Amino acid sequence: MKKSLKTLLAAAFVLVGTTIFAGELKVGATPVPHAELLNLVKDDLKAEGVELKIIEFTDYVTPNLALAEGEIDANFFQHYPYLEKFITERGLKLASAAKIHVEPLGVFSKKYESIEALPDKATIAIPSDPSNGGRALILLHNNGIITLNDSSNLYVTEFDIVKNPKKLKFKPIEAAQLPRVLPDVDAAVINGNYALEAGFSPVDDSLLLEGKESPYANIIAVRAGDENKEDIVKLIKALQSEKVSTYILNNYKGGVVPTF
């Protein structure tokens, strides 16, 4: 009888414990704007039975590795071309669950007030990862600064430049470091989230800025097969809400653009 009672109590404890922790969702994110947007919907998710735990990262590599290894359930920091390239290079089974917003890439300078003012042989720092490096060159191509042999190729490199009238020099730098090296170069092409973190207004401070038609929408990434899990679906619904859209438009002033 005693043994039976202990067994029942143990089973009840397991059941209760499972109920308490079943709704925890660990999402990796870079601080701005991703973690800010996640914090905005934290209470909304709690009302839906999901306890959101936000894990902040400051680089573009660790969040995908942590996701693949099961340390987190999803991440929110990258656009799809970056994820696609990362999956190919690392052989990971990750997938995009939803598009949330675009962070327009911009050209910034501490030395010059217009793109036309850049001198011949100016040094421009660009992101060192293949997808964002290509994105930077495409931005310059679209504004007539250089000419690429195929601007539809999202992974173009310096070797794909066929015309460079000003003989500009390109210096690949890890994306997170671009705001810090800005004083040491003539200009830098900086991702929107890092520009915002550094205190720049992409709309007001950039010499050039991507348009809203950018194909580089930031996504919720998950392990392949988890796209339709209940907690992930609830997360996407919360992030694609009118509340989040209004917050983005009111707080980032064009530096972040909703895609929904």
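**Salt bridges, domains and local geometry in a predicted model**

Asp 73, Arg 223 and Asp 226 are linked in a network of salt bridges, a salt bridge being defined as a side-chain nitrogen of Lys or Arg within 4 Å of a carboxyl oxygen of Asp or Glu. The model is a predicted one, in which local features need pLDDT of at least 70 and side-chain atom pairs count only at pLDDT 80 or more, whereas totals for chains, interfaces and linings use all residues. Residues are numbered from 1 along each chain as its sequence is written, and side-chain values use heavy atoms, with hydrogens and water left out.

Under the salt-bridge rule the count comes to five. In general, side chains of opposite charge can pair when their charged atoms come close. One of these bridges joins the side chains of Lys 243 and Asp 44, with a distance of 2.8 Å from N to O; since Lys 243 lies in helix 11 and Asp 44 in helix 3 (residues 42-47), the pair ties together parts that are 199 residues apart in sequence. Helices here are DSSP runs of H or I with at least four residues, and strands are runs of E with at least two, both numbered from the N terminus. Lys 243 is partly exposed, at a relative accessible area of 40%, and Asp 44 is likewise partly exposed, at 33%, where buried means under 20% relative accessible area, exposed over 50%, and partly exposed in between (1.4 Å probe, protein chains only).

A salt bridge is also formed by Arg 135 and Glu 210, whose closest N and O atoms are 2.6 Å apart. This pair links distant parts of the chain, as Arg 135 is in helix 6 and Glu 210 is in the loop between strand 11 (208-209) and strand 12 (217-223), 75 residues apart. Both Arg 135 and Glu 210 are buried. Within helix 10, the side chains of Lys 234 and Glu 230 meet in a salt bridge of 3.2 Å from N to O, the two residues being four apart, or about one turn of the helix. An α-helix has 3.6 residues a turn, so residues three or four places apart point the same way. Glu 230 counts as exposed at 55% relative accessibility, while Lys 234 is among the buried residues of helix 10, together with Asp 231, Ile 232, Leu 235, Ile 236, Ala 238 and Leu 239. Because seven of the ten residues of helix 10 (residues 230-239) are buried, this helix is largely enclosed by the rest of the structure.

The protein as a whole has eleven helices and 13 strands, and its C-alpha trace spans about 90 × 40 × 30 Å along the principal axes. Buried residues make up 48% of its 260 residues. The protein is divided into domain 1 (25-103 + 216-258) and domain 2 (106-209), with bounds that come from an automatic or database domain assignment. The C-alpha centres of domain 1 and domain 2 lie 26 Å apart, and 21 residues of domain 1 are in contact with 18 residues of domain 2, contact meaning heavy atoms within 4.5 Å. Between them the two domains bury about 1600 Å², of which 56% is on carbon and sulfur atoms; buried area is the accessible area (1.4 Å probe) that two parts lose on being put together, summed over both. In domain 1, the residues that lose the most area to domain 2 are Tyr 60, Glu 103 and Tyr 216, which together account for 37% of what that side buries. Across this interface the rule finds zero salt bridges.

Asn 132, which lies in helix 6 (residues 130-142), is buried with a relative accessible area of 1%. When its neighbours within four places in sequence are left aside, Asn 132 is in contact with Tyr 60, His 79, Tyr 82, Pro 127 and Asn 191.

Backbone geometry was also examined. Most residues other than glycine have a negative phi, and most peptide bonds are trans. A cis peptide bond joins Val 32 and Pro 33, with omega about -5°, and Pro 33 lies in helix 2. Lys 121 has a positive phi near 65° and is found in the loop between strand 5 (106-108) and strand 6 (123-127), where it is exposed with a relative accessible area of 53%. Lys 253 has a positive phi of about 50°; this residue is found in the loop between helix 11 (242-251) and strand 13 (257-258) and counts as exposed at 56% relative accessibility.
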